[in-house]
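Reader: I have a model open and some labels to check. Take me through them, value against cut-off.

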Amino acid sequence: MDFFIQQFSNGLTVGGIYALIALGYTMVYGVMKLINFAHGELFTLGAYVGFTLLVSFNFTGILGSALGIGVAVLLVSFLVALAGHLLERVAYRPLRRSDRLAAVVSALGASIFLQNAIMLNWGAQNRAYKADLLPNVTLRFLGQSVPLTRVLIFLTAVAVMLALYLFINRTRIGMAIRAAAIDQGAAKLMGIDVSAVIAVVFIIGPALGGLAGLLVGLYYGPINFGMGQLYGLKAFTAAIIGGIGNIQGAMVGGLLLGLVESLGAAYISVAWKDALTFVVLILILVARPTGLLPERVAEKL
Amino acid sequence: MSFKLSLRALWDRRPRRLPAGIPLWAEIVGVLAFFSLPWIFRAIGLATSAYWLEVLNTVGLYAILALSLNVILGHCGMFHMGHAAFFAVGAYVTAVLNLNYGWAILATLPVAGLAAGLFAAAVAGPIIHLRGDYLLIVTIGIVEIIRIALTNDIFGLTGGPNGLMGIGRPSIFGWRLTRPWHFFYLIWTGVALTLILFHFLEHSRFGRALKFIKEDPVAAEGIGINTTRLKLLAFVIGAVWAGFAGTIFASRMRTISPDSFNFGESVILFTIVILGGSGSQRGVLLGSFLVMGLPEVFRKFQDSRLLVFGAALVVMMIFRPQGLIPPRPSKYSLPAPWDRYDGATPPAPGGGRGPGESPPWGKGGTLKGPVYRQSLAPTDTRGPLGADGAAKKGPSGLSPQTGGRDPQEES
């Protein structure tokens, strides 16, 4: 039971991180029908910017643990959002009217570019977050001890997702995003500035992805310039499992995937952990070809 | 599947000019010059000739792979980003048969193709109906599953993360292929065969049905094309070919490991097809040279090479979203060529096919001649949003009647 609780809480934490990344994929897909392959690299960028702020600039040493990490979270989100916005301007906006496959290749090119830019800037070897950034405390919870880091990361992810949920469902901008996702043409006719909506989506998505990168660094320690690829693929899988374009779906898919992976690694095989993700994906899509939750976007014929 | 064509028909369908207006004889001279490159290198005493031949071999191998992906992605329009999986199956089948059972490399070729094809049929069967992006992520998932399975030494045959070493060399009539220029001829003959075969495949009924599925799956289904079956068939054909390429790869490298077949390889193949011009053989060939060959030319830039490559992809897609050499909008003349060239009598009411030919999408009788001819009329693969307006130059995409002129189909 103890083992199960540990794996379960680990799965929730990893799932929260996947969900944060998946939200970026699903929002961009919802509005632009584009798989943003560079999103995984924005996630990596977040991890590295966080590394620079926390380890090289020693934010926690100067500002104290809580404030330092808080400032780092905000700065990382801001900087990665900026990068995401630039990416959209340079690589995607000119292709908005072209064939979808051209946009996919442009995204792949941007992904290769960013990955190598990160490698050239921070080096090809692994970097590691220091272990003492967050206080190394374990919480007693229902008779089980769970590390504080894990709880904090999970709560952060949940809080951000909740805020996003409210933003999408309760504000005018959120309504515009939902409208643009359902039918861009109709949204334009209703006076919605779709370009502005896409810009907003490309600020929120990367900000969440960058935050996820920082959280991964805090949770695991070592980071690597190529890590965005696998995280990106898994998060995209999570978005698909939940029904791409559906924001709640990405949250559910991310958490589900984290749990499957963590429990699968514990009870089935560690070596097959990554394969399990895709097996689950295939099984779910065979049973429900458009994901678990219904897709929000109208089918393009 | 029927791409039976008479020799006369082939001759009449021969391409007469390149899209850029280069006459055919210049192209033939170019091909001959290319095939004599090993001798030219030797004649001018190029010190790095072995290196450049290896580069050309890599280009050729990727050209074969990309051309086989082109059937799936370019002609049929399925978003398939997992071609490396079939390539891996072929390479590993060859390696295992050669190392564990002592088969000759060339004897493993059909088995490798067959294994890759069967594997494709098995995995694609349940997922073939998925829509574009769902199919994309699933095919990526298949590549990852294969890579992980190979790394975990599945069945105790694949040698785990280190892979398999000491794979034999192919020998043709007792002549063992070892040196780069041997492989140059092997691989580029393979490329030539691939080009010829897939050219005819593209212009067969099967190929046209695939194009139709790409343009409008609902309409294709509507006139009686069994879209699921044809998509699956396209998938299997592409996979078989990738399996063959796997055999050549294994015997050329002599060492294979799971890392050779990762997601990145699939991305490269996908990029080659889209960058070159999805659905166009010349485009895919050019794409292979650019993606696999050009980075070698810029090897001195080392680390920033891939950075530039990524940026170049973005720029290329912005300025030429349809690819470097997009396929020409094809036109088909009436009556259908096989009616004329087979010397058959004018089509009987109810069927325009020559004797003994059955349509690829059913047992026959599902389609009536006139419907068939009009609906397989010309497609502009770029769709109405073609960026440079080139689409408008050709005959309007939807007019089926072009009179009795010679067909000017070119890839």
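Author: Start with A176(A). Beyond its neighbours within four places in sequence, A176(A) is in contact with I192(A) and V197(A).

Reader: What makes these residues count as in contact with A176(A)?

Author: Contact means heavy atoms within 4.5 Å. I192(A) and V197(A) meet that for A176(A). A176(A) sits in helix α7 (residues 172–182) of chain A. Helices (H or I, at least four residues) and strands (E, at least two) are DSSP runs, numbered from the N terminus.

Reader: Is A176(A) buried or exposed, and what makes it so?

Author: A176(A) has a relative accessible area of 14%. Buried means under 20%, exposed over 50%, partly exposed in between (1.4 Å probe, protein chains only). So A176(A) is buried. Of the 301 residues of chain A, 56% count as buried.

Reader: What should I know about the model itself?

Author: This is a predicted model, in which local features need pLDDT of at least 70 and side-chain atom pairs pLDDT 80 or more, while totals for chains, interfaces and linings use all residues. Residues are numbered from 1 along each chain as written, chains are lettered from A and ligands numbered from 1 in written order, and side-chain values use heavy atoms, without hydrogens and water.

Reader: Why is the pair E88(A) and R93(A) called a salt bridge?

Author: The term asks for a side-chain nitrogen of Lys or Arg within 4 Å of a carboxyl oxygen of Asp or Glu. For E88(A) and R93(A) the N to O value is 3.3 Å. The pair qualifies. E88(A) is buried, at 0% relative accessible area. R93(A) is partly exposed, at 26%.

Reader: What makes K211(B) buried, and what does K211(B) pair with?

Author: K211(B) has a relative accessible area of 9%, so it is buried. Its salt-bridge partner is E202(B), with the closest N and O atoms 3.5 Å apart. E202(B) is buried too, at 2%. K211(B) is one of the buried residues of α9(B). That helix (residues 205–215) is mostly covered, with 9 of its 11 residues buried.

Reader: Which salt bridge links chain A and chain B, and why does it qualify?

Author: D133(B) and R100(A) form it, with the closest N and O atoms 2.4 Å apart. That is within the 4 Å limit. The count between the two chains is 1 salt bridge. Over all chains, the search finds 9.

Reader: How much area do chain A and chain B bury between them?

Author: About 3800 Å², 79% of it on carbon and sulfur atoms. Buried area is the accessible area (1.4 Å probe) that two parts lose on being put together, summed over both. In chain A, L101(A), V105(A) and W272(A) lose the most to chain B, together 15% of what that side buries. By contact, 46 residues of chain A meet 40 residues of chain B.
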